[in-house]
Number of protein chains: 2
Amino acid sequence: MLALTILGNNSAIPAFERYPTAQVLQMQEDIFLIDCGEGTQMQMAKYKIRRSKISHIFISHLHGDHYFGLIGLLTSMSLLNRTQDLHLHAPAPLEKILQMQLEVASTTLCYKLLFHPLTAEGLILNEKKITVHCFKVLHRIECWGFLFRQKKKPRKIDSDRARIYEIPASFYERLQSGEDYVTKKGTIVPNSEVTIAAAPPKSYGYCADTIYDENLIEKIKGVDLLYHETTYLKGNEDKAAARFHSTTLQAATIAKKACVKKLLIGHFSARYEILDEFLTEACSIFENTDLALAGVSYRI
Amino acid sequence: MLALTILGNNSAIPAFERYPTAQVLQMQEDIFLIDCGEGTQMQMAKYKIRRSKISHIFISHLHGDHYFGLIGLLTSMSLLNRTQDLHLHAPAPLEKILQMQLEVASTTLCYKLLFHPLTAEGLILNEKKITVHCFKVLHRIECWGFLFRQKKKPRKIDSDRARIYEIPASFYERLQSGEDYVTKKGTIVPNSEVTIAAAPPKSYGYCADTIYDENLIEKIKGVDLLYHETTYLKGNEDKAAARFHSTTLQAATIAKKACVKKLLIGHFSARYEILDEFLTEACSIFENTDLALAGVSYRI
């Protein structure tokens, strides 16, 4: 199970009760937090996201609407006596800011915060069931996107059929990895006879804040879910470019060219109260699009 | 008109939809913001406080629940093209933190932010109609309280009566300041004959986060409104002392000993969902007590 829950979908200035960017990627075991705008911890309380389950935090860039809520969350975790390690993947200068904020408050976190500065594109996390890669995104300052990929799951053994062929349990692990079984008499039992393919691994691409950039296509090609910002409607293409942001049509074009399965759009400018047009415009190019709405969980 | 509006009344961990400390002191002309916990700008939007009207911000200390919302507010003001100067009175280390946060975002505020570090007790602001003094408060780290005092207002002239005594308009300013008038014939017209006393100037004392400390009494003696924290109920006196906080009974005792007119209590611990007992306990010692509740304006 992989699901993405939106906690904030607004751009720089909070407006119309929309909060700045924050998302949680929920897996069975734990939670990844992606960006952490001001008020993220309040949104977590509102939408019943368990802070204690967060194992890794990913910060795309150091514009405030993507990280001003982080220090509050980190200190609250400490006040709540968190014990397990917390991993923070973020642009390098963030470490010093956090250190200063803790220092002036005479605060020492009661858990271990492991800071992993983002330095080069590539694999940044390799867990049992998922990998995370970061990639560069073209924005006004250093900015990173993240690609989350579930690992291929082992095939499921059809134990009734495996018993018919008298396959010993000691061979099950090899069956799960796709191997055929050879009986004592030399007969080959094709793997597909005794196992069932697991659900295909899912993937999620998060493009953070970005100008329209076709270099992204290769990086998030074919993902099950793509999040691409749409700060502006199509009429504001000039404004979008000037501020290194994107429009609805641009996000949808990237989704289409990258052959992703589904597109989620967000980071809406405070100039828009009603969001309907964002969806209409994006769908005109890429139909399977949804608005990123706070509190909503999107199954991947 | 002087009114205090509460934006946040909770202690360190936001809980039960209660936000961390922030208050606005509203005068006719402009607004003073006192502390600025995370989410303050969202609370301002919710309670229709106009950000553009804020001229001075006072930060009591650098525990996050009193300032983590500041950088977001400052940058939003810039994105909204604020032009007028903004004065920030705060412990010195805050300046560097803000500078770093602006720097990593490649952001230059489009208005002038004037930083006034709090260094010694005394007068820190002397405006046309109000003065602000700061005073030291006993907390775990450097912490300041603030005393806001309206200046004495000029006496109001009863123009009908002034005309009877043929007092020239050129003397009116001296009448307003309380002077008697002497006619050409040498008759003294007592000031009280032709003027009415203005409403007495009001005062507000903000004690920030503090342990029970009788040194406070002298500093906020007789104020019209006193804000004193009550992180805990009376049963948690030990916990309060250990963390340099106060209980209901302690806050009410300070209010009583300082002969203030009204007491406002807040900074409630996240351990308490229902706040009724805070009021009951405080009122048992000092009757004219109110709970500081978000969105409520208390006339001073």
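Chain A splits into domain 1 (3–153 + 199–299) and domain 2 (156–196), with bounds that come from an automatic or database domain assignment. Taken over C-alpha atoms, the centres of domain 1 of chain A and domain 2 of chain A sit 43 Å apart.

A bit of housekeeping before going on. This is a predicted model, where local features need pLDDT of at least 70 and side-chain atom pairs count only at pLDDT 80 or more, while totals for chains, interfaces and linings use all residues. Residues are numbered from 1 along each chain as its sequence is written, and chains are lettered from A and ligands numbered from 1 in the order in which they are written.

Helices here are DSSP runs of H or I with at least four residues, strands are runs of E with at least two, and both are numbered from the N terminus. The C-alpha trace of chain A covers about 75 × 50 × 35 Å along its principal axes. Of its 300 residues, 45% count as buried, meaning 20 or more other C-beta atoms (placed from the backbone) within 10 Å of the residue's own. As for contacts (C-beta atoms, placed from the backbone, within 7 Å), 62% of those in chain A between residues at least 6 apart in sequence join residues at least 24 apart.

For a local example, take Val260(A), found in the loop between helix H9 (248–257) and strand S16 (262–266) of chain A. Val260(A) counts as buried because it has 24 C-beta neighbours inside 10 Å. Leaving out residues up to four places away in sequence, Val260(A) touches Ile220(A), Gly222(A), Val223(A), Leu226(A) and Ala255(A). Leu226(A) is 34 residues away along the chain, yet the two C-alpha atoms are separated by 6.7 Å.

Now for the pair of chains. A rotation of 180° with 0.0 Å of shift along its axis puts chain B on chain A, with RMSD 0.1 Å. That is how a two-fold axis relates copies; the superposition is by least squares on C-alpha atoms of residues with pLDDT of at least 70 in both. Gly39(B) comes closest to that axis of the residues of chain B, at 2.7 Å (C-alpha).

At the interface, 29 residues of chain B are in contact with 29 residues of chain A.

| Element of chain B | Residue range |
|---|---|
| helix H1 | residues 40–46 |
| helix H2 | residues 70–79 |
| helix H3 | residues 93–104 |

H3(B) gives the largest share, six residues. Since 100% of the interface residues of chain B are also interface residues in chain A, the copies meet through the same surface.

Technical notes: A residue is buried if 20 or more other C-beta atoms lie within 10 Å of its own, exposed if 12 or fewer, and partly exposed in between; C-beta atoms are placed from the backbone. Two residues are in contact if their C-beta atoms, placed from the backbone, lie within 7 Å.
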